[in-house]
Amino acid sequence: MSETDRGEDHPRRIAFLGTGLMGAPMVRRLLAAGHQVTVWNRDRSKADALVSDGAIVAATAADAVKGCDIVFTMLSDGKAVDQVLFDGGVAGALAEGAVVVDSSSISPPIAKDHAARLKALGVAHVDAPVSGGVVGAEAGTLAIMAGGDAGVIEGLADVFAALGRVTHVGPSGAGQICKLANQQIVAITIGAVAEAMILVEAGGASREKFRDAIRGGFAESRILELHGARMVKRDFKPGGPSRLQLKDLDAVKAMADRFSLDLPLTEQVRREFSDFVTGGGGDTDHSGLLLHLEAMNAAKGGEENNG
C-alpha cells in the first residue's frame, strides 16, 4: 500500500456495516473528517438516517463494499460478523489490498479465523473493538484496541484519528482479548458502584451526595461519573444493553476456561448479569444492574421480616 493509498493525502472510501447505537455516531465522525462513507444496516431505516449527514446507503452489504478500500463492521456478535462477511458476499466483493476493520466485540478465536480467511483472499483484517460507549463515539474519544499487522494499523492512523485513540495491542485476536478484559473491568466496577449505592442509602446517606463526595478520590472512574449518574437519576435507557454486557462476560468465561484461569470476581458479576437478563433486563442499560441488586436485597429483607 503506497503512502497515497494510505490516505494521508486524500479522503478514504469507506464502507460501514452496522449503523446502530455505536455505528451511527462513528459514521458521522468519519463523514465529518471528510471521508466518503457508504453504509448498510439490516434495518435500513438506521442507515437512511445518515443520508442527511452525507452517507451513501447501499441495498446490501456486498454492494456497500464495492470500490471501498476500508470496511468497518460494527455488528452484534461473531455470528453476525461471519454471516455478513462470508455468507453475505462481502469478502468476495472486496478488492485485493482492502482492509476489514472489525469494531464489533466478538470472540478472539473467531477474529483470528476471520483474519486467516480474509488473508487468503488478499484482504487485511484488523480486530479493533472500542470502549467509550455512545458518548465516546459521538465525541470521537473512543479507546480503540487494535489487533493485527502493525503496518496496516499505522496506515489507518488518519481514519482512526476521527474516532478516538488507537493502540496496537498485538497480533490478530489481541484487540478482542483486550476488549474482553475491558468489559471485565466495566462489569465489575458497575457492580461495585451499584452495591455502594445500596449500602450508603441503607445507612441513611444520599446517593447523589455520596457520589459527589468521592469524585476525584481513589474511587473515581468513568463508571462512577457516567453510570453512577444514571443510578442516581434512575435513567436506564440503554447505551450499553445488559444482554450485550452478558454476551461479553460469557466470552470472558469461555476464554478463562480455555486458559484454565479462575476469575472469581468476573464469574460472580457474570451470574448477576445472567439473572438480570433472564429476569427481563436484557435491553436495560448495564448500569441497571442496580435494579437487580436492589430487588435481591428487597426480597431478602422481606424474607427476614417474614421470618
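# Chat: cores, a histidine and a pocket

Q: What kind of model is this?
A: This is a predicted model.

Q: OK, start with the largest nonpolar core. Which residues touch the most other members?
A: Phe16, Leu30, Val39 and Phe72 do. The core has 32 residues.

Q: Which element gives the largest share of this core?
A: That is α1, with five residues. Elements that each supply at least two residues include β1 (13-17), β2 (36-40) and β4 (70-73).

Q: What is Phe16 in contact with, leaving aside neighbours within four places in sequence?
A: Among its contacts are Met26, Val27, Leu30, Val39, Trp40 and Phe72.

Q: New topic: His125. Where is it?
A: His125 is in strand β6, residues 124-127.

Q: Buried or exposed?
A: His125 is buried, because its relative accessible area is 6% and buried means under 20%.

Q: What does His125 touch, not counting residues up to four places away in sequence?
A: Its contacts are Val100, Asp102, Ala111, His114, Ala115, Leu118, Gly147 and Gly148.

Q: Now the second largest pocket. What volume does it have?
A: About 220 Å³.

Q: Which lining residues lie nearest its centre?
A: Gly191, Glu195, Gln268, Glu272 and Leu293. The lining has 13 residues.

Q: Which helix gives the most to that lining?
A: α10 does, with five residues. α14 (264-281) and α15 (289-306) each supply at least two.

Q: And the lining by class?
A: Eight residues are nonpolar, three are polar and two are charged.

Technical notes:
Residues numbered from 1 in each chain as written. Predicted model: local features only at pLDDT ≥ 70, side-chain atom pairs only at ≥ 80, totals over all residues. Heavy atoms only, no water. Helix = DSSP H or I, 4+ residues; strand = E, 2+ residues; numbered from the N terminus. Buried < 20%, exposed > 50% of the residue type's maximum accessible area, 1.4 Å probe, protein only. Contact = heavy atoms within 4.5 Å. 1 Å grid on protein atoms, 1.4 Å probe; cavity = no way out; pocket = protein on both sides within 12 Å on 5 of 7 lines; lining within 4 Å. Points joined across faces, edges and corners; volume = space filled by probe spheres on them. Nonpolar A, V, L, I, M, F, W, Y, C, P; charged D, E, K, R; others polar. Core = buried A, V, L, I, M, F, W, Y, C linked by side-chain atoms within 4.5 Å.
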